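Hi there,

Here is the structure I promised to pass on to you. Please open it alongside this email, and my notes follow below.

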Amino acid sequence: MSELTLVEAVNLALAHELEADPRVLLLGEDIGVNGGVFRATEGLLERFGAERVVDTPLAETLIAGMSVGLAAQGLRPVAEIQFMGFIYPAIDQLLNHASRLRTRTCGRLTCPLVLRAPTGGGIHAPEHHSESTEALFAHIPGLRVVIPSSPSRAYGLLLAAIRSGDPVVFLEPTRLYRLAKEPVADTGEALPLDVCFVLREGADVTLVTWGATTRETLAAAAALSDNGIEAEVIDVATVAPLDIGTILTSVAKTGRCVIAHEAAGNVGVGAEIAARLADRGLLTLLAPIKRVTGYDTIMPFARLEHSYLPTAERIAAAAREALAA
């Protein structure tokens, strides 16, 4: 077991599946010789060769289209898009083909591809390198959308995504890539998809989050605990399909809910969670649901990033408002 960063855990999971399954191959811009823009694929070209780790032209539509074709023919491609802001040309292939292939062919063909991309701000990059637009992909039936929040979950969830029989959009929070280390064992054991992870138990308020904002949410829970408020923290992890059952169970216990995410609030995944809580858990709520999100504007440049991203202070304040209601 080694102490790894999130990006190192991604590399470890990719190497494990390349070794274990000859159907797995990687493709993307600069992933071979350069090891990827964040070095997530560093060293894999040397280990597995240019037929398994393929440098592509700068063409996201081509990368997604090739992945659909390869997956339809029985391979398991794992494609990398350099930044979330570059992913939009791939939506055509994901929406019109990858997500529909199983239904269109009455199950004769499937599309077991993974499309990886860094997501979110906090690394002082331009605004189109710092987007959190997971709700776009969560809205597409037939796609899984997975966002890890720690090295161990990145390892286990990526293994599960590669082994899945359906297309997965796997979004890796850039500001968590090298922020912290934790023990990760290369056991090949996958974590379950489509379930939330309860990171901290509590009886007073439920804090629901995913991705990079998990770090601030856990910090908010620790600050609340110092004041005698015990928050339950839920990492959604798979934002589509959504495990609403775990969230409903927690809210039934606490009676209060705060949803925190980095993406803009308007029509975000947090709004969907709030709607489902209102539909199926209204009678267990003791206070209105609170949301702490990014703002409905373009991600600002580096000097103002800290003003855009949800903070532990904002999340804790929302929890106190819910408790006061």
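Cys-111 is buried, with a relative accessible area of 2%; buried means under 20%, exposed over 50% and partly exposed in between, using a 1.4 Å probe and protein chains only. Cys-196 is buried as well, at 9% relative accessibility.

A quick word on the source: this is a predicted model, where local features need pLDDT of at least 70 and side-chain atom pairs count only at pLDDT 80 or more, while totals for chains, interfaces and linings use all residues. Residues are numbered from 1 along each chain as its sequence is written, and side-chain values use heavy atoms, leaving out hydrogens and water.

Back to the cysteines. A disulfide is a covalent bond between the sulfur atoms of two cysteines, and the search counted a pair of cysteine sulfur atoms within 2.5 Å. Across the whole structure it found zero disulfides. For Cys-111, the nearest cysteine sulfur belongs to Cys-106, 16 Å away. For Cys-196, the closest is in Cys-257, and 11 Å is too far for a bond.

Now for two helices (DSSP runs of H or I, at least four residues, numbered from the N terminus). H9 (residues 244-254) and H10 (residues 269-280) pack at about 60°, with axes 11 Å apart. That makes H9 oblique to H10, as angles under 35 degrees count as roughly parallel, over 145 as roughly antiparallel, 65 to 115 as roughly perpendicular and the rest as oblique. The contact (heavy atoms within 4.5 Å) includes Ile-244 and Val-251 of H9 and Ile-273 and Arg-280 of H10.

Best wishes

Definitions and conventions: Axes fitted to C-alpha atoms, helices over the stretch in contact; angles between N-to-C directions.
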